[in-house]
Amino acid sequence: MKYQSQKVAAAYFAVALGLFAVQVLAGLLAGWIYVSPNTLSEILPFNVVRMIHTNALVVWILLGFFGAAYYLVPEEAERELFSVRLAWVQLAILTVGTLGAVASYLIGIHGGREFLEQPLWVKFGILVAALIFLFNITMTSLAGRKTAITNILLLGLWLLSLLWVFAFINPDNLSLDKMYWWFVVHLWVEATWELVMAAILGYLMLKLTGVDREVIEKWLYVIVALALFSGILGTGHHYFWIGAPGYWQWIGSIFSTLEVIPFFAMMSFSFVMVWKGRKNHPNKAALLWSLGSATVAFFGAGVWGFLHTLHGVNYYTHGTQVTAAHGHLAFYGAYVAMNLAIMTYAMPHIRGRDPYNQALNMASFWLMTGGIAFMTFVLTFAGTVQTHLQRVMGMYYMEVQDQLWLFYAMRFGAGAAVVIGAILFIYATAVIRPQRAARAALQPGE
C-alpha cells in the first residue's frame, strides 16, 4: 500500500460484494419462478424479485466503480485522497439509500420504471452521493499527477453522474418517457460505463504486464473514441418501436453495429499487452479476471448484441429471451467481471495478504463464467424458439412459455453454478483470513 487513504476502497468493495450476493440470490429465485411460476407469488411477487435483482446489480457495480476510483486515483495522482471522511459519508448515503429502496420494494412502493424504480428520496440521495464523489476524486486528481487512466476514468464517472439527472424526468408521453429513460440506461452501459471499464482495464494491464504507460495510453484513447462514437448514436436501436421517427431505425442499426468495435479493441488490447508484457506478476487470478472480462464482454456486448440489433431482426426478437441472453452475458463480461478483477488485484494489497492462495478465486471465475456462458446459450435457444412460435406462428405468449420449460430449468441450473461461484469469490477475496491465506500459499498441499 502506497497511500493509506486507498484503504477506504475496501469498504466500498465489501458493501458491493454484499449486494452482489443479494443480486445473484434474487436472480436464482427469479430463475426458479420461471420454472415454477407460483413460487412465493403471494409473499414475494416476481416483479419485486426482478427489481431487487436488477437494482442490486446496478448499485453494486457503481459501488465497485467508486471503490476502484478510490483505490487507483491516489496511486495515479501520487497523493492521498482529498478527503477520506467525504468518501465515508458517500458510502453511508449509498448504503442507506439502497436499504431504503429494497424496503420500499418489499412493501410495494416503487417508481415503476425498470432500473429506475427507486423512490424519489433515494434518487436524490444517489445524486448527492455522486456529487460528493465527483468533488472528492476530482480534487484529488487536480492536485496530483494527471494520467490518461485518471482522465478517462473521471470522464466516464462525470458523464454517468450527469446522465443520472434524466432519471428525474418522467413525462406523461410514453415515447418521451422511454427516450429519457434510455438516456440513463443505454448511455450508462453502452457509453460512459465503457470508459470506466477501459480505464480500470488499462490500470490493471499497466500493473500486471509492465508494458510502458505510453503504449497503454494510446490504446485507451482509441478505445474511448470508438466507444463514444458508436455508443451515443447507437442509443437509436432502442428507439425502433417506441414511437420515435423512422430514421432512427437506420441510425440505430448502423451505429449499434459499430458498437462491436470498441469491445473487440478492448479484448485485443488486453491480450496484446499480456503478449508484450515483461512482468511475471504473481497475481494470476487478477490477470485471469482481466482477460476474461475483456473476452466475455466482446462476445456478450459485441457479438450477442449484434445478433439482434438490426431493426429487421429486432422486429421479431424484441423483448424475447434473446434479449435476456445478451443482457446477462454483456453485463457479466463488461462490468461484473471487471469489478471482480480490480477487487482481486486490490484486496490483497489493502489487507496485506500478498502472496495468497488464488486457487479458490480462479475456481470462482470458471464457475461463474461457465454458468453465465451456459445460461446465455440456453436463453438464446429459448429466445429463438419463442420468436418463431410467438412472433412468426402467432401462438399466445403463455402457450409459448409452457413450451420453454426445459430451457428455463437448464437456466436455473446455470444460475445455481453462478451463485456457488459468487459465494466462493466472496469467501476467497473478502472473508478468508490473511494468516490462513498465507499459510495456504506456503503449504499448498494441505
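This tour moves through the structure one selection at a time and says what is found at each stop.

The model is predicted, and for that reason local features are given only where pLDDT is at least 70 and side-chain atom pairs count only at pLDDT 80 or more, while totals for chains, interfaces and linings use all residues. Residues are numbered from 1 along each chain as its sequence is written, and side-chain values use heavy atoms, with hydrogens and water left out.

**The two domains**

Begin by colouring residues 1-146 as domain 1 and residues 160-431 as domain 2, bounds that come from an automatic or database domain assignment. The C-alpha centres of domain 1 and domain 2 lie 18 Å apart. If you then select the interface, 43 residues of domain 1 are in contact with 49 residues of domain 2, where contact means heavy atoms within 4.5 Å.

**The nonpolar cores**

Next, show the side chains of Phe 20, Trp 60, Leu 157, Trp 188, Trp 193 and Leu 340, which have the most contacts inside the largest nonpolar core, a set of 134 residues. A nonpolar core is here a set of buried Ala, Val, Leu, Ile, Met, Phe, Trp, Tyr and Cys residues joined through side-chain atoms within 4.5 Å; buried means under 20% relative accessible area, exposed over 50%, and partly exposed in between, with a 1.4 Å probe and protein chains only. Helix 6 (residues 174-209) gives the most to this core, with 21 residues; helices (H or I, at least four residues) are DSSP runs, as are strands (E, at least two), and they are numbered from the N terminus. Because domain 1 and domain 2 both give residues to this core, it lies between them.

Centre the view on Trp 188, and leave aside residues up to four places away in sequence: Trp 188 then touches Val 58, Leu 62, Leu 160, Leu 163, Trp 164, Phe 183, Trp 193 and Glu 194. A second, separate core of 8 residues can be picked up through Ala 382, Val 400, Leu 404 and Phe 407, which are among its members.

**The cavities**

Rolling a probe the size of a water molecule over the atoms shows where empty space is left. On a 1 Å grid over the protein atoms alone, a cavity is a set of points where a 1.4 Å probe fits but cannot get out, a pocket is an open set with protein on both sides within 12 Å along at least five of seven lines, and lining residues have an atom within 4 Å of a point. Grid points are joined across faces, edges and corners, and a volume is the space filled by probe spheres set on the points.

A search of the whole structure finds 3 cavities of 30 Å³ or more. For the largest cavity, with about 250 Å³ of space, select Val 59, Leu 62, Leu 94, Thr 98 and Ile 126, which lie nearest its centre among the 23 lining residues. Helix 1, helix 2 (46-77), helix 3 (84-106), helix 4 (120-142) and helix 5 (148-163) are the elements that give two or more residues to this lining. Its residues divide into 18 nonpolar, 5 polar and no charged, where Ala, Val, Leu, Ile, Met, Phe, Trp, Tyr, Cys and Pro count as nonpolar, Asp, Glu, Lys and Arg as charged, and the others, Gly among them, as polar. Both domains give residues to the lining of the largest cavity, so it lies between them.

Trp 188 returns at the second largest cavity, which holds about 140 Å³ of space: together with Val 58, Phe 115, Leu 116 and Trp 164, Trp 188 is one of the closest to its centre of the 15 lining residues. The largest share of this lining, 5 residues, comes from helix 6, and the lining as a whole divides into 13 nonpolar, 2 polar and no charged.

**The second largest pocket**

Now select Ile 33, Tyr 34, Val 35, Pro 37, Phe 46, Tyr 397, Met 398, Gln 401, Asp 402, Trp 405 and Tyr 408, which line the second largest pocket, with a volume of about 290 Å³. The lining divides into 9 nonpolar, 1 polar and 1 charged.

**Two loop residues**

Finish at Leu 40, in the loop between helix 1 and helix 2, where phi is near 55 degrees, a positive value in a residue other than glycine. Glu 78, in the loop between helix 2 and helix 3, likewise has a positive phi, near 60 degrees.
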